[in-house]
Amino acid sequence: MSAMPDRERADASIGKLFESHAATALRLRRSGATERRLKLTKLLNAVLDRKDAILDAVQRDLSKHPTETNLTEVFPLVGEVKHAIANVKRWMKPQRIGPTMATLGTTSRVMYQPRGRCLLISPWNYPLSLALGPLVSAVAAGNTAILKPSEFTPHTNGVIKDIVSAVFATDEVAVVEGDAQTATALLSLPFDHIFFTGSPDVGKIVMAAAARHLASVTLELGGKSPVIVDATADLRGAAEHIIWGKMVNAGQTCIAPDYVYVHRDVADRFVELCRSTVAQRYGDSDAAIKSSPDFPRMIHRRHAERVARLMDEAVQSGSRIAFGGASDAESRYVAPTLLRDVPPSAQVRREEIFGPVLPVLTFDALDTVIAEINAAPKPLALYVWTKSERTVEALQTNTSSGSLCVNLCIQQFTQHNLPFGGVNNSGIGSSHGFFGFKAFSHERAVMSAGPLSALEMLFPPYDARKRRLSEMLLKYMT
Ligand code: NAD
């Protein structure tokens with residue numbers, strides 16, 4: 001049998017699945033908080049019932065320690081579902097809006113209506129929480145969903161399918177596995193909303209595809225998230241947190257510190273503290289780190305080779321390796337590595353690293369750092385370690401990023417009451433909690449006439465009195 005008919009068959013079955021969501025989406029428009037909470041509770045229980053299977057699957061896909069999977073996958077997901085269960089009734093309530101001078105006598109409200117049929121495309125780096133987290137928001141907002149997880153995490157995808165099929169009928173939520181070709185077939189369909197998590201390059205493809213049907217999009221993308229450590233910083237705390245943020249999931253984290261600007265006066269001490277932190281956590285030799293069960297692997301050989309190439313190219317262009325530098329594509333291993341004296345031309349300064357390699361640059365004046373950040377695409381996260389309010393204020397006012405974190409990193413992902421998302425190159429729209437609910441809702445304006453209407457006094461035929469009234473309106477309109 002040739003590959004072509006197989007592809008056509010797959011596309012036809014995707015088309016049928018999409019069609020089957022039409023009637024469900026209309027029915028879900030009428031769904032109330034009780035129905036949605038029930039589904040979310042079922043989803044929560046299905047996840048908790050399969051916790052061991054999740055830990056095992058993520059270990060197989062990313063060689064990740066179960067404790068790290070608990071902290072970075074299960075915990076954020078469970079938090080997101082519980083938060084939605086506790087709040088969805090409140091989120092769904094229409095918001096009353098007071099009349100303006102020009103609309104005196106009317107009443108208005110904003111209603112949160114489900115968007116309808118949604119497509120969720122997720123990446124491989126946190127294969128569980130980045131697939132099911134957005135699904136929580138889609139369900140809380142009353143939508144149907146087709147979920148396409150990454151093709152690089154087959155074990156976790158198996159558990160996700162099991163969870164989804166235990167909770168939902170396929171005409172409400174379904175998982176479609178496959179690669180870019182499958183995603184392309186899905187993107188050709190007129191979904192009402194597309195929620196994409198992945199790289200900025202693919203984000204552009206998704207947005208172009210969405211434009212064909214004018215589907216709304218949420219794009220959760222990546223990029224280079226800088227860190228600033230100034231001369232007032234608690235250096236030990238900075239090193240401990242930055243190394244944690246960089247090495248968790250072996251650097252394959254969208255909000256991982258990508259590179260560090262450290263003040264020249266404290267740079268050597270900071271690098272030494274980073275080195276000792278790595279040694280204490282993962283081992284003080286390459287062999288020890290390689291055999292540590294706590295240090296994950298790159299997702300696949302190609303990615304390990306890519307990160308190793310970035311290191312090699314950095315060294316060839318004049319960078320120094322302060323520690324680390326080893327890699328082994330066969331076992332998908334890249335050592336925790338710190339680079340110094342990295343020239344601006346090095347590839348590692350220009351593309352998202354997405355691995356356990358940390359370039360450390362020195363600075364003298366914060367203004368130059370701010371200028372460099374503003375010259376680059378807007379980052380997903382900006383981190384600063386400082387005791388100076390003025391430094392925080394300067395960064396807050398003069399830079400832009402999805403999030404700005406002071407003396408902490410990564411933890412913003414678990415604060416459900418904050419919007420999580422990027423800006424321009426790092427993303428469009430946001431997720432988590434009420435912001436995720438809003439992403440999957442159409443904010444519908446509903447306005448009703450009251451017993452009195454100011455407008456009726458201005459209907460034609462126009463006379464001098466109506467002219468004066470219209471001038472008054474213009475003058476006093478707020
Ligand atoms: P990716 O963009 O390569 O893939 C993401 C998804 O898109 C996968 O499901 C993949 O199958 C699909 N895809 C790939 N090519 C496609 C195409 N041509 N057309 C349509 N779909 C296609 O990203 P990745 O390598 O899985 O993940 C890493 C990237 O994701 C990094 O840039 C990282 O920063 C970003 N990321 C962002 C967030 C966030 O919340 N902002 C979270 C995790 C990862």
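A cavity, on a 1 Å grid over the protein atoms alone, is a set of points where a 1.4 Å probe fits but cannot get out. Its volume is the space filled by probe spheres set on the points, with grid points joined across faces, edges and corners.

Ground rules next. This is a predicted model, where local features need pLDDT of at least 70, side-chain atom pairs count only at pLDDT 80 or more, and totals for chains, interfaces and linings use all residues. Residues are numbered from 1 along each chain as its sequence is written, and side-chain values use heavy atoms, with hydrogens and water left out.

One cavity of 30 Å³ or more turns up. The largest cavity holds about 40 Å³. Its lining, meaning residues with an atom within 4 Å of a point, includes Lys246, Asp258, Glu352 and Phe354. By class that lining has four nonpolar, three polar and three charged residues. Here nonpolar is Ala, Val, Leu, Ile, Met, Phe, Trp, Tyr, Cys and Pro; charged is Asp, Glu, Lys and Arg; the others, Gly among them, are polar.

Now pockets. A pocket is an open set of points with protein on both sides within 12 Å along at least five of seven lines. The second largest pocket has about 360 Å³ of space. It is lined by 19 residues, and Met101, Ala102, Ala454, Leu455 and Leu473 lie nearest its centre. The lining of this second largest pocket splits into 14 nonpolar, five polar and no charged residues.

Buried is under 20%, exposed over 50%, partly exposed in between, with a 1.4 Å probe and protein chains only.

On to helices. Helices are DSSP runs of H or I, at least four residues; strands are runs of E, at least two; both are numbered from the N terminus. Helix α4 covers residues 66–92, 27 residues. The expected span is 1.5 Å times one less than the number of residues. Helix α4 does bend, by about 50 degrees at alanine 86. That bend is the angle between axes fitted to the seven residues ending there and the seven starting there.

Two long-range pairs. Leucine 135 sits in helix α5, residues 129–140, and is buried at 0%. Leucine 43 is 92 residues away in sequence, yet 9.9 Å away C-alpha to C-alpha. Proline 379 is in the loop between α13 and β15, buried at 3%. Its C-alpha is 7.6 Å from that of glycine 222, 157 residues apart along the chain.

Last, backbone geometry. Most residues other than glycine have a negative phi, and most peptide bonds are trans. Which peptide bond is cis, with omega near 5 degrees? The one from proline 460 to proline 461. Proline 461 lies in the loop between β18 and α16. Alanine 250 has a positive phi of about 55 degrees. Alanine 250 is in the loop between α9 and β9, buried at 0%. Asparagine 407 has phi near 60 degrees. Its loop runs between β16 and β17, and asparagine 407 is partly exposed at 35%.
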